[in-house]
Amino acid sequence: MTTAIEPTMRSLPAMPASQSMTRPPAALAARVSFRQPVTSAPHVDAAWWPRSRDLEGELPGLLDVVWTAARDVDRVSYPIHSWLSVPRRLDIEGRRVRLGGFTHQDPSMISLRDAWGAERIDILVIPPEAEPALAAAAMVLASRSGPNERAAPMLELAAADAGGRA
């Protein structure tokens, strides 16, 4: 059973002690929704609902979607306290991906970048334990065109929307 995210939640909570350390099956597609177009403006470009807090296991599916869309990203920055520990480099689908965990990064976001700093995709991370209604509402909010809210207000709006549908 999953737990609901309260509307007052401001960020992705720290990883629960009971979080499973098993990897999701490789055949499962990433649950992600991108806004169109993705821009360099400092707004949320996508929402992603990973199945676990195992970034090493979850990234291949997300990056497959990004690479299929011809986005040349090979760097991932993430909030270090929201994920299981990962190496600083991963080889995914024959590509070297660099990972940087930061204590000061917004706990409800990850950022994807290219090696030259020209490409940047900011992704709202929906907590793996979130209720499906909250995740669906966050996906819709993140896929809107125009200026999107920052991550924490988007999660609050999604929680309010999901609560109204319950």
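In β5, Gly101 is the bridge partner of Tyr78. Helices (H or I, at least four residues) and strands (E, at least two) are DSSP runs, numbered from the N terminus. The model is predicted: local features need pLDDT of at least 70 and side-chain atom pairs count only at pLDDT 80 or more, whereas totals for chains, interfaces and linings use all residues. Residues are numbered from 1 along each chain as its sequence is written, and side-chain values use heavy atoms, with hydrogens and water left out.

Strand β3 (residues 75–79) joins β5 (residues 95–102) through five bridges, and these two strands run parallel. Strand β6 (residues 109–113) runs antiparallel to β3, with three bridges between them; here Ser77 stands opposite Ser111. Two strands count as paired if DSSP finds at least two bridges between them. Four of the five residues of β3 are buried, that is, under 20% relative accessible area (1.4 Å probe, protein chains only).

The largest nonpolar core has 23 residues, of which Leu59, Leu99, Ile110 and Leu112 touch the most other members. At least two residues of this core come from each of β2 (46–48), α1 (55–68), β3, β4 (89–92), β5, β6 and β7 (120–125). The largest share, six residues, is supplied by α1. Such a core is a set of buried Ala, Val, Leu, Ile, Met, Phe, Trp, Tyr and Cys residues joined through side-chain atoms within 4.5 Å.

Beyond its neighbours within four places in sequence, Leu99 has contacts that include Leu55, Leu59, Val76 and Tyr78; contact means heavy atoms within 4.5 Å. A second, separate core of 20 residues includes Ile126, Ala130, Ala137 and Ala162.

Key: Buried means under 20% relative accessible area, exposed over 50%, partly exposed in between (1.4 Å probe, protein chains only).
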